[in-house]
Amino acid sequence: SPLLEAVEGGALEGVPAIAVHGRSDFVCPPRNALDLARAWERGGSSLDLRVVPGALHSMYDPAIRHELLEATDEMLREAPQQGAGAPAAAQAAAA
């Protein structure tokens, strides 16, 4: 796929990511998420794949929503606290 080719080619090199996928997703099978995680690693980055047992293909599924919120909080905690893209409050606190 074009996405896998771009990722394997290093288009996202150094960009960490978290992917959340429902184990019972019949729209986009979990195998696709595993392929993406492997391509991400071959492209020089890390992807934390979280497969949610019993969940389908919807961000409105309570278990998926929980993992998405957890992943967002984790990414915010690990984000650089200063420099381009940092929230103004974080930049002011760092000054």
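The expected span of a helix is 1.5 Å times one less than its number of residues. In this predicted model, helix α2 runs over residues 30–42. With 13 residues at 1.5 Å a residue, α2 should span 18 Å, and its end C-alpha atoms are 19 Å apart, which agrees.

The sides of α2 come next. Its buried residues are A33, L36, A37, A39 and W40. They lie on the same side of α2, because they cover an arc of only 165 degrees around the axis. The cover over these buried residues includes α1, β1 (17–22) and β2. On the face of α2 turned away from its buried side are the exposed residues E41 and R42. After α2 comes G44, which has a positive phi, near 95 degrees.

Helix α1, part of that cover, spans residues 2–8 and contains E8. Is E8 buried, partly exposed or exposed? Its relative accessibility is 35%, so E8 counts as partly exposed, since that class lies between the limits of 20% and 50%. Beyond its neighbours within four places in sequence, E8 is in contact with A39, R42 and G43. Of these, A39 is one of the buried residues of α2, whereas R42 is on the face turned away from the buried side. The side chains of E8 and R42 make a polar contact at 2.3 Å. E8 and E41 are 33 residues apart along the chain, yet their C-alpha atoms are separated by 7.7 Å.

The last stop is the start of α3. D61 sits in the loop between β2 (47–52) and α3 (62–78). What does D61 do at the N-terminal end of α3? D61 caps that end, with a side-chain oxygen 2.8 Å from the backbone nitrogen of A63. D61 is also buried, but has no salt bridge. The nearest side chain of opposite charge is that of R65, 7.5 Å away, while a salt bridge needs a side-chain nitrogen of Lys or Arg within 4 Å of a carboxyl oxygen. Leaving aside neighbours within four places in sequence, D61 is in contact with A55 and L56.

Technical notes. Residues are numbered from 1 along each chain as its sequence is written. This is a predicted model: local features need pLDDT of at least 70, side-chain atom pairs count only at pLDDT 80 or more; totals for chains, interfaces and linings use all residues. Side-chain values use heavy atoms; hydrogens and water are left out. Helices (H or I, at least four residues) and strands (E, at least two) are DSSP runs, numbered from the N terminus. Buried means under 20% relative accessible area, exposed over 50%, partly exposed in between (1.4 Å probe, protein chains only). Lys and Arg count as positive and Asp and Glu as negative; His and the chain ends are not counted. Contact means heavy atoms within 4.5 Å. A polar contact is a pair of N or O atoms within 3.5 Å; within protein, one must be able to donate a hydrogen and the other to accept it, and residues adjacent in sequence count only if both atoms are side-chain atoms. The arc is that of the directions from the helix axis to the C-beta atoms.
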